[in-house]
Amino acid sequence: MGHLTQGERELALLTGALLLALGMLMMVMAWGDPLSVHGAMFGFSGAAVMAVTLRGMFAPAPDENRFASYYDAPSKAGIVIAMIWGVFAMFIGDWVAWLLVFPEMTFDAGWASFGRLRPVHTTGVIFGFGGNALIATSFHVVQRTCRTRLPDQFSPWFVLLGYNLFCLIAVSGYMLGVTQSKEYAEPEWYADIWLVIVWVAYFLLYMRTLARRNEPHIYVANWYFLAFILVVAILHIVNGLAVPVSAFSAKSYSAFSGVQDAMTQWWYGHNAVAFFLTAGFLGMMYYYLPMQAGRPIYSYRTSIVSFWGITFFYMWAGSHHLHYTALPFWVQTLGMSFSIMLLIPSWASAANALLTLNGAWDKVRTDATLRFMALAAIFYGLSTFEGSFMAIRPVNALSHYTDWTVGHVHAGALGWVALIVFGAFYAATPKLWKCERMYSPGLIEVHFWLALSGTLIYVFAMWNSGIIQGLMWRTYNDGGTLAYSFMDSVNAMYPYYIARAFGGLLFLLGAVVGLYNIVMTIRTAADTLSEAEDRPLGPILEPAE
Amino acid sequence: MFGAHYKLERNAIGLVLMIIGVASIGGLVEIAPLFTIDETVEEAPDMRVYTPLELAGRNIYIREGCYACHSQMIRTLRDEVERYGPYSLAVESQYDHPMLWGSKRTGPDLARLGNKYSDDWHVAHLLDPRSVVPGSVMPAYAWLARTELDTDDMSAHLSAQRAVGVPYDEDMIAEAAADAIGQARPDSDGAEGVIDRYGDDTAIRNFDGAPGKPTEMDALVAYLQILGRLTDVAHAGASENVESAESGS
């Protein structure tokens, strides 16, 4: 609370009170509906905010010199929260992987079945782990690249904590059976509205920080963070349009149906990959990789071309999820064509990252943190190539509906997204806690090899199972009839499901090692570094208030 | 070009507007026409809406995440048509808010599941999948048979469906709760109303085979038995326009 000004404390108190009132209203009016459980969660969060604010209400006002330093407390909290989400959601992911080997492990209860836990895993890793990582690093990056402090101390906390409330409502909802069933957009209407409020605050915070910048140019990392914030908002609002059964029912019906709904969903779904899992993390890469390598970005012009290429081409590509379906042929063809063109800006980004390492490859060998980021760029290049390849209609005929898709997603999610996050966290954590290095460089090495081997085992298992599945489904006997029953293909998956679950386990163990290393770095940090090199430009930053 | 960008990247608002503009084009070109071009969705005069019991079953299907492992979209590929039946048409999911086409087949496609197995088979399968399909990796859903179906707010559900475009009439909305129970209880007074409102072909059965009030098992089985049977239009041109996969022996 000491960080917040008197006005901000009052704002926090008001926000808490509003949340408490809204939560109580939802809890009482929707009694018997899952919505009341979420009302209780809203209300509890509001009460907690009020309690914390009241305890610090009369603490001394923050130092007037605060504008001479960056505001990093929300980034620090975000990094720890992201790692906790990562460990939790990867555990759930590995659990559901084992469910396919041991399908009886559901305790005769709804919440523990594959169908309800699978979105807990996907939401937990994408939004819980990835989203918190993006929020934490974007706050860190935007301040450094603009050489200015965040404009206030309330909004970053509102964004970070409000976003986590959304994540908690989402994953608890799935276990209670609350879902819209739209992949990667499962949360129901009220959670969606709450996310819109949080997201608008995020956008305004970002724009206000950019407006205060002391660098004439907006650095490329911020273009990506901006595209991430803006386009995710558009996608989320359009795909989430729905009519609730009543104001106090958790259930809603999508505004779209059938083919239009399918196209809207995969326009959303594919661009969630593009603007959540790619643009945001490219922003991360464009700051932390050159910083850690001690080299400037290889080509400024390539950054421009690849940024606008990704922003334009990706939005057309969603229909490649619907090849050979009831979606009109012309839309499928457009989706395929743009998916192939997408390879150009994607590889330009990956090449730009790898060429930046020219002159720093010796560091890649010795510094596991930089190696995480270098490997992430390689996996980014590989999985974008694979993605364009799988978007070709005849290839998709084989790969669609199979584990190959799951393997492809994880090549991107584990190999690209998670590795760039770990690299960025290992680079940012010592800086944020002002110490020389991470608690244990050796454990970063351990984490690196666990993550790499886990990813490779996972992806190879799913390539094998997916291609075998696809081929078995379409194989004919000499007599002209289908050679295999569906159950034949299920039985053939057994060894690969075990291998996948084992690969996932290695990756999870790596994340646990990473969380331990970060926590120990925080606990042993002793402010050994001065702030001299890591601070905004001088007194011109004083606000005119 | 790069000179212009040199100016653009000094202007936050300009950058924001440019991103929104560039990113919007793809969606506008691909999605907007789907709502206006008539050929997108075929005509199916014989198509009916889901009964309240089937809709409740569909909501259970959604709640349990069945779509994570089962698609409801048969592609225009020869092996799929031979394995599952006529390929899916857009009109067949015109009342599906949201659609459940799915993206993964850990289990088989379900677009033409209706009437393929008996109610008893479905109940046994949901209670213990491995009792009827050895080697299956599907979880058991035994609690559905123990959970009474909540029909209290069925009218509100149908109203919301009508608000998004499904043609339920006043009568259907008013009698929704009674119809949900009536369809699962052939001997009850409510059974006749279901036929009146949803047609002679509507299945009126005790789907879970158990006495007492309708359960979630009744609703889910009723839904599984209507899959692919709201209209017959897909069977008309069944084998046209099917593509053979290249591989196979």
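I take helices (H or I, at least four residues) and strands (E, at least two) as DSSP runs, numbered from the N terminus. With that in hand, I looked up Pro98(B), which sits in the loop between α4 (78–84) and α5 (119–127) of chain B. A cis peptide bond joins His97(B) to Pro98(B), with omega at about -5°.

I note that this is a predicted model, in which local features need pLDDT of at least 70 and side-chain atom pairs count only at pLDDT 80 or more, while totals for chains, interfaces and linings use all residues. Residues are numbered from 1 along each chain as its sequence is written, chains are lettered from A and ligands numbered from 1 in the order in which they are written, and side-chain values use heavy atoms, with hydrogens and water left out.

**Backbone of chain A.** I found a positive phi of about 70° at Ser181(A), although this residue is not a glycine; Ser181(A) belongs to the loop between α5 (155–176) and α6 (189–211) of chain A.

**Interface.** Counting contact as heavy atoms within 4.5 Å, I find 98 residues of chain A in contact with 91 residues of chain B. The buried area, meaning the accessible area (1.4 Å probe) that two parts lose on being put together, summed over both, is about 8300 Å² between chain A and chain B, and carbon and sulfur atoms give 65% of it.

I then searched for salt bridges (a side-chain nitrogen of Lys or Arg within 4 Å of a carboxyl oxygen of Asp or Glu), and the rule finds four across the interface of chain A and chain B. On the side of chain A that touches chain B, helix α8 (residues 258–293) of chain A gives the largest share, ten residues. That side divides into 55 nonpolar (Ala, Val, Leu, Ile, Met, Phe, Trp, Tyr, Cys and Pro), 29 polar (the others, Gly among them) and 14 charged residues (Asp, Glu, Lys and Arg).

I also looked at individual pairs: Asp403(A) and Lys104(B) meet through their side chains in a salt bridge at 3.0 Å, N to O.

Over all chains, the search of the whole structure finds 25 salt bridges. Arg146(B) and Asp108(A) form a salt bridge whose closest N and O atoms are 3.0 Å apart. Arg146(B) lies in helix α7 (residues 143–146) of chain B and Asp108(A) in the loop between α3 (73–99) and α4 (114–146) of chain A, so this pair joins two chains.
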